[in-house]
Amino acid sequence: MTAKGQLYRRVQMAQDRLAWGCADLRRLLSERGWWPSRPRGLVSVDGSHWAVTETRLRAVKPGKAEGLLVPESESLWGSAVLPDMPRHALRQAVEETLWRTSPLPRQHTVAAWHAQPHAQGGWVVEWGLCRRSHCDTWCVEKGLGPQAPVYLARHGRAFAVDSGTTQTFSLRRRWMHVLVLMGALLSLAALFLPALMPLVLKREDVLRAVQHIAAVEPQSQPLRQQLDELRQQAALGEELRQGLQQSLPLASVVDALSQALPDDTWLDRIDVNGNEIRISGLTGNAAELAALLGRQPQFADTKATVASVRDNNLNKERFTFEMRWRAVEGVKP
């Protein structure tokens with residue numbers, strides 16, 4: 001068998017077991033009264049009256065009987081394990097098994113059976129046989145017609161004899177279950193629809209909002225570009241404003257230095273970076289000059305960045321100082 005055929009076979013087996021599980025669940029619900037199912041009245045060989053719902057038997061008061069119940073003592077029971085096969089092929093396979101195992105000719109017996117999946121694969125079938133002549137005699141004695149259904153009792157359960165009448169009844173019952181299931185689904189839909197309506201309306205609102213945004217977005221593209229340009233210009237203006245606030249008044253710096261420096265000192269270079277000032281030049285005594293600048297209220301953190309070097313030709317010391325303009329911190333000279 002090809003890989004595709006094996007896959008199809010496994011899928012079919014899984015579907016068959018799922019269908020059997022659903023049918024067995026429906027049987028359990030019907031037997032417990034949780035699923036609508038019409039019981040059938042039966043009369044036993046000994047004259048007692050029973051009602052059967054699916055396979056569940058319960059004793060009832062004498063009344064009109066629709067079928068015959070054959071006790072377990074009047075029938076022959078056995079079991080067989082069948083290989084994997086589709087559910088619709090089980091009936092023919094069981095018939096072939098009964099032809100081989102029945103102690104009487106198959107046409108002289110009636111049979112009831114039920115199957116369930118085997119844990120190791122395949123199907124487990126439990127079957128029961130009874131003489132057809134005995135069933136006909138009992139039906140006549142109990143006043144039942146020739147088409148009356150016959151059930152075989154087994155461990156407190158009743159299984160319908162496989163016949164044309166039983167198949168017709170099973171078909172009608174299957175259609176009834178389908179209608180009940182459809183009614184239950186419609187009822188659940190009617191119950192849950194009001195709860196789902198807010199979600200549906202919210203979804204519609206979201207869809208309309210998305211459509212509106214999609215329609216408006218092309219129109220807003222030019223405005224978006226203008227807003228981006230305005231943001232860039234505003235950011236540039238803010239940077240310029242901050243730069244102007246942080247920039248030093250150069251004239252005030254030069255004036256303060258000219259007042260603070262002694263007459264024997266001149267500058268070669270003035271560098272201003274923000275509120276940081278760096279000066280270099282010649283003076284008679286670099287240490288005294290650093291102390292003098294440190295006492296000025298306009299300057300702070302005066303320090304020599306390189307060691308002073310004496311110029312013997314000019315008899316002066318070359319210095320390089322760094323300081324900070326204190327006026328930006330709100331300290332007035």
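**Figure 1. Lining of the second largest pocket, to which helix 3 contributes the most, with 5 residues.** The model shown here and in the following views is predicted. Classified by residue type, the lining of the second largest pocket comprises 11 nonpolar, 6 polar and 4 charged residues.

**Figure 2. Salt bridge between Glu-54 and Arg-26.** The side chains of Glu-54 and Arg-26 meet with an N to O distance of 2.7 Å. Glu-54 is located in the loop between strand 2 (49-53) and strand 3 (56-59), whereas Arg-26 belongs to helix 1 (residues 3-31); the pair thus links distant parts of the chain, 28 residues apart. Both Glu-54 and Arg-26 are buried. A search of the whole structure returns 17 salt bridges.

**Figure 3. Salt bridge between Arg-154 and Glu-126.** The N to O distance between the side chains of Arg-154 and Glu-126 is 2.7 Å. Because Arg-154 lies in strand 8 (residues 150-154) and Glu-126 in strand 7 (residues 123-131), the pair ties together parts that are 28 residues apart in sequence. Arg-154 and Glu-126 are both buried.

**Figure 4. Salt bridge between Arg-231 and Asp-228 in helix 4.** The closest N and O atoms of Arg-231 and Asp-228 are 2.9 Å apart. The two residues are 3 residues apart in helix 4, so about one helical turn separates Arg-231 from Asp-228. Arg-231 has a relative accessible area of 54% and is therefore exposed, since the cut-off for this class is over 50%. Asp-228, at 36% relative accessibility, counts as partly exposed.

**Figure 5. Salt-bridge network of Asp-24, Arg-27 and Glu-31.**

**Figure 6. Nonpolar surface patch of about 980 Å².** The patch is made by Leu-185, Leu-188, Leu-191, Phe-192, Leu-193, Leu-196, Met-197, Leu-199, Val-200 and Leu-201. One of these residues, Leu-199, lies in helix 4 (residues 164-246). Leu-199 counts as exposed because its relative accessibility is 55%.

Technical notes
Residues numbered from 1 in each chain as written. Predicted model: local features only at pLDDT ≥ 70, side-chain atom pairs only at ≥ 80, totals over all residues. Heavy atoms only, no water. Patch = residues over 30% accessible without salt bridge, like charges linked within 9 Å, V, L, I, M, F, W, Y side chains within 5 Å. Areas by Shrake-Rupley, 256 points an atom, 1.4 Å probe, with all protein chains shown as cover. Salt bridge = Lys/Arg side-chain N within 4 Å of Asp/Glu carboxyl O. Helix = DSSP H or I, 4+ residues; strand = E, 2+ residues; numbered from the N terminus. Buried < 20%, exposed > 50% of the residue type's maximum accessible area, 1.4 Å probe, protein only. Nonpolar A, V, L, I, M, F, W, Y, C, P; charged D, E, K, R; others polar.
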